[in-house]
Amino acid sequence: MGKTIPQPQETFLIGNLKDVDSEHFLESLERLQKLYGEIFRINILGQSIIVVSSQELVNFVCDENKFDKKVSIALQELRALIGDGLFSAHTSEPNWKLAHKILMPAFGPQAIRDMFPAMMDICSQLILRWERFSGEEIDVCDNFTRMALDTITLCSFNYRFNSFYQNKMHHFVDAMVNVLVESGKRSQRLSLQNALMINKARQYKDDISYCHNLCDEIVRERRKNPNDVNDLLNRMINGKDPDTGYQLSDENIRYQMVTFLIAGHETTSGLLSFAFYYILKNPHVLQKAQAEIDQYDEITVDTLNKLKYIDAILKETLRLQATAPAFNLATKEDKITLPGGYEVCKDDFILVLLHQLHRDPKVWDQPNEFIPERMLNGGYENLPPNSWKPFGNGQRGCIGRPFAWQESLLAVALILKHFTIEFVDPSYDLRIKQTLTIKPDGFKIRARPRRSVNISLAPHVKQTEKLPEQISKTIIKKNTNLQPMTILYGSNSGSCESFAGTLASEAPLYGYNATVATLDSAVQSLPNDQPIIIITATYEGRPCDNAKQFVAYLESKPKLDINYAVFGAGHHDWVNTYQKIPTYIDELIAKAGGKRLIERGAGDAAGDFYGAFESWKENLFKILRKDTNNEQHVISEEKLSIEFVNSTRQFGQITDFGIVLQNKILVQASEIDPMKRHLEIKLPKGQTYRSGDYLAVLPTNPIEMVDRVLKRFNLSNDTHIKIVSSTDTFFPTNYPVNVVNILSGYVELAQPISKKQLETLADLCHNEEEKIKILKLTGDIYEKEILDKRIHILDILELYTSCELTFAQYLRMLPSLRIRQYSISSSPLWNAEVVTLTIDILTAPALSGLGQHYGVASNYLANLKEGDHISCSVRASNVKFHPPEDTKVPIVMIAAGTGIAPFRGFIQERAAQYVCGRDIGPTILYYGCRLDNDFLYSSELDKWK
Ligand code: HEM
Ligand SMILES: Cc1cc2nc3c(=O)[nH]c(=O)nc-3n(C[C@H](O)[C@H](O)[C@H](O)COP(=O)(O)O)c2cc1C
């Protein structure tokens, strides 16, 4: 009797069906792997599946003498579409051997080389399309799907889908995806359930017929117009087994064609999409890859073999994201004992889970990091056997591997040669979409031509002569007399972006026409004929998401003949890395030859943040004005006007909604401590997380504050306004909006007023005495009286009533509302789609003595009710702030108050693993409490002891 294989508790009749989500089957297996470890069993509707994921076990089951491919339940279902085509045939079926023999030579080295011109032809179409849509949003998976589909059809069947010449993807893709998805679902339903779903069954049949008819049509066409090209289709139609003389039947040809159409494009397009995701997330990798490809003026078939780094990128991508994420085996014997003493039988499916095999901590150092270098200099060759298996196993391994590799190398090389690329949403973190294969979900980029590249595209394709586009957004288009200025920002939560916008909107007053763009969009294209102003923040000592490429670019030591100035936003709580990135950028540019226009400015979000920016801005403009001597172009028009006469907020990257499931008090407020709350939030669809990640939340302002503003400006809460602005603005413009929406959802109302703003308010006072009092506040007492007491504009307006500030002027003085980040206090092993937050609710008498101070986000969260929608998004923690992959590694945690949040997630994760029988290392928490009832989650922690 072998050792018992760990298994979640079964339910009568359906076994472990409840432990897997049919839409996220793979993620469910990954979650179970985290709970149960390198081997576990699940029972799906009576079928036993044993999931293995350590190199030791996988190496054992990959022995072809003892194990063979077992056609998975989903693949068996898919046989309605691809019958006994190579992929879904049992090895024992005669048609598998026959097709394998006949078709194998089509993927030999010379045959693949001969396909290079056709691959170049299709890839060039993608390049031209991206050039044409320079700077616009590119749906990465869509584009690579078009490319891979057109490539496989042209190379294999000499047939053109012309996907790049149509807006909508070829209907084959929809039909195929429908069948893939439905096959997966059918395999997890009872037969009776499938029979009852009549509409779905009809659609399923129609989609299958569409795919079959398309293939039959291509064959008919070839038979009518035969040619002597040695392509896959001719081999299918005319090829013979050299030993027996047997040929493929018409039915089998149809199955093989659909097989190749599916297998030949789904996985490759996924590989390329993931590769570009990792390239963009790792700017050093992008730099290195671009440097590698830049050594060659021309990309020929021979160049591809020299691209060792790009080759390593593709291997590392498939390690982290094997696009065919699992394969199934079964023992050829009745019973066999695996390492560890586990016994498996002939009927068991043995599922090799590549996601975890490729992260086995015994094989891979820093398994979750993307490090292509590990595949270089013998690294790949010296891997332990069967530790990297994205192409499957042995004779049933992927026949199209060399095809996919050549196509992928070419695509990466051509794209990096031609374009600078950046994320549309720099905070995008990988989300996975799964059918039979996996792809990134919602991944979008922008591409801009790098420079005139001397590169041979397909013969009929025109070369690019476009120059790089340095500017993404033009702020002032009208004033042609103004001098150019470039403002570049790095920003995750919007303050630096907002500073950049403010600077640009004021630039015309000083003779400049400013363009604003992200730092990453300026890589290799910093103009030297205009001032370059850089405004950026630091996150955990690292660049913002949209400044990573820029920093890597500066680290590559370019020569820069530019005039520049840097302003940094930071927070002094990050003691060791305060202002690290702005300082670093400033130094690197100076070292590269740049000339500073003014000393670096620094704003501390915990201090006079906006004031620091204002005074630096003022000094900067003093210098720039001197330089241009251009005061005649001063624009006197009001930059923002409103018309008194409804929308959804479109704030940066957060576009999705989560749903509040629970919102409860953990500890009531006391004299010394604020109230503490626990929230459960269902994440926006498709999002998941790791313990230690953050949740970014876009709050709304407390209604009490909004009411105060309405009162001060004599507005009612059903007032609608139309904002018209001659400069770029974060406000919704040119259509009527409710004033309450603007005040609650677009602006920060409680930022301390800056000295400059005090001066403006003083100017607008009729009462001399009030004027003097306000001006006094800009002096030595500013810190004590304004900053320490957090006095904001509205406080001053209420105190000094003679100040005649208009509502439009008030709005212009307010910065845009910022996103807030909270540490998630749960583990995905508890629930992968739900996070919990543990927060202090900041409500206290205002230090100013004027009413209450309400923390914007905490009060917003505190007031949410079950079922409320919340604009939020998971943000990966930058540093290695996650529980270690190896559950035996000890963890020591130190926290106080709500600082326990991420550690609750860590402990919850380890407790869940412990319950499932994993070996858990010591997990120790030192927790500081002021009072007994401050001990958050005490009973839970007791239970976990
Ligand atoms: C990055 C790209 C690719 C990956 C990751 C990949 C992965 C795989 C894997 C894991 C298997 C084994 C499946 C199993 O054991 O059930 C497989 C088989 C197969 N692949 Fe690929 N594949 C890729 C590209 C291609 C291409 C471009 C083609 C066609 C030109 C292709 C055609 C096939 C076929 C026909 C089989 C079945 C082979 C047999 O059992 O005889 N694949 N592939
Ligand atoms: C998770 C996190 C990490 C941070 N790390 C640092 C840091 O290392 N150094 C620093 O000076 N500021 C740090 N800050 C503060 C931000 O840089 C500061 O709030 C800045 O204004 C954000 O600018 P943005 O709104 O343009 O993204 C951090 C903030 C957060 C939320």
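**Helix H4 and its partners**

I began with the buried residues of H4, which pack against helix H11 (232–238) and H12. Packing here rests on contacts, meaning C-beta atoms, placed from the backbone, within 7 Å. H4 itself spans residues 94–103, and its buried residues are Asn95, Trp96, Leu98, Ala99, Ile102 and Leu103. I call a residue buried if 20 or more other C-beta atoms lie within 10 Å of its own, exposed if 12 or fewer, and partly exposed in between, again with C-beta atoms placed from the backbone. Helices (H or I, at least four residues) and strands (E, at least two) are DSSP runs, numbered from the N terminus.

A reminder to myself: this is a predicted model, in which local features need pLDDT of at least 70 and side-chain atom pairs pLDDT 80 or more, while totals for chains, interfaces and linings use all residues. Residues are numbered from 1 along each chain as its sequence is written, and chains are lettered from A and ligands numbered from 1 in the order in which they are written.

**Helix H6 and the cores**

Next I checked H6, residues 116–132. Its 17 residues reach 24 Å from first C-alpha to last, close to the expected 24 Å (1.5 Å times one less than the number of residues). Among its buried residues are Met119, Cys123, Leu126 and Trp130. Their cover includes strand E4 (137–139), helix H7 (140–157), H18, strand E9 (419–423) and strand E12 (444–449).

Cys123 turned up again in the largest nonpolar core, which has 136 residues; Ile50, Cys123, Val352, Leu410 and Ala413 have the most contacts inside it. Such a core is a set of buried Ala, Val, Leu, Ile, Met, Phe, Trp, Tyr and Cys residues joined through C-beta atoms within 7 Å. A second, separate core of 55 residues includes Val697, Tyr746, Leu761 and Ile793.

**The two ligands**

Which residues are closest to ligand 1? I found Ala263, Thr267, Gly392, Cys398 and Gly400, out of 25 that surround it (C-beta, placed from the backbone, within 6 Å). Helices H12 (250–263), H13 (266–281) and H18 (401–418) each give two or more residues to this shell. It divides into 14 nonpolar, 9 polar and 2 charged residues. I count Ala, Val, Leu, Ile, Met, Phe, Trp, Tyr, Cys and Pro as nonpolar, Asp, Glu, Lys and Arg as charged, and the others, Gly among them, as polar.

Cys398 lies in the loop between helix H17 (354–357) and H18. It counts as partly exposed because it has 19 C-beta neighbours inside 10 Å. Leaving aside neighbours within four places in sequence, Cys398 contacts Phe391 and Gly392. An unreviewed UniProt entry annotates Cys398 as "binding site".

Around ligand 2 I found 24 residues, with Ser491, Cys496, Ala537, Gly570 and Trp574 the closest. Helix H19 (495–506), strand E16 (531–539) and strand E18 (563–570) each give two or more residues to that shell. Its residues divide into 8 nonpolar, 12 polar and 4 charged.

Last, I looked at Lys557, in the loop between helix H20 (548–555) and E18. Its phi is near 55 degrees, a positive value in a residue other than glycine. Most residues other than glycine have a negative phi. With 10 C-beta neighbours inside 10 Å, Lys557 counts as exposed.

Conventions: Contact = placed C-beta atoms within 7 Å. UniProt positions renumbered as here; feature names shortened; annotations may be inferred.
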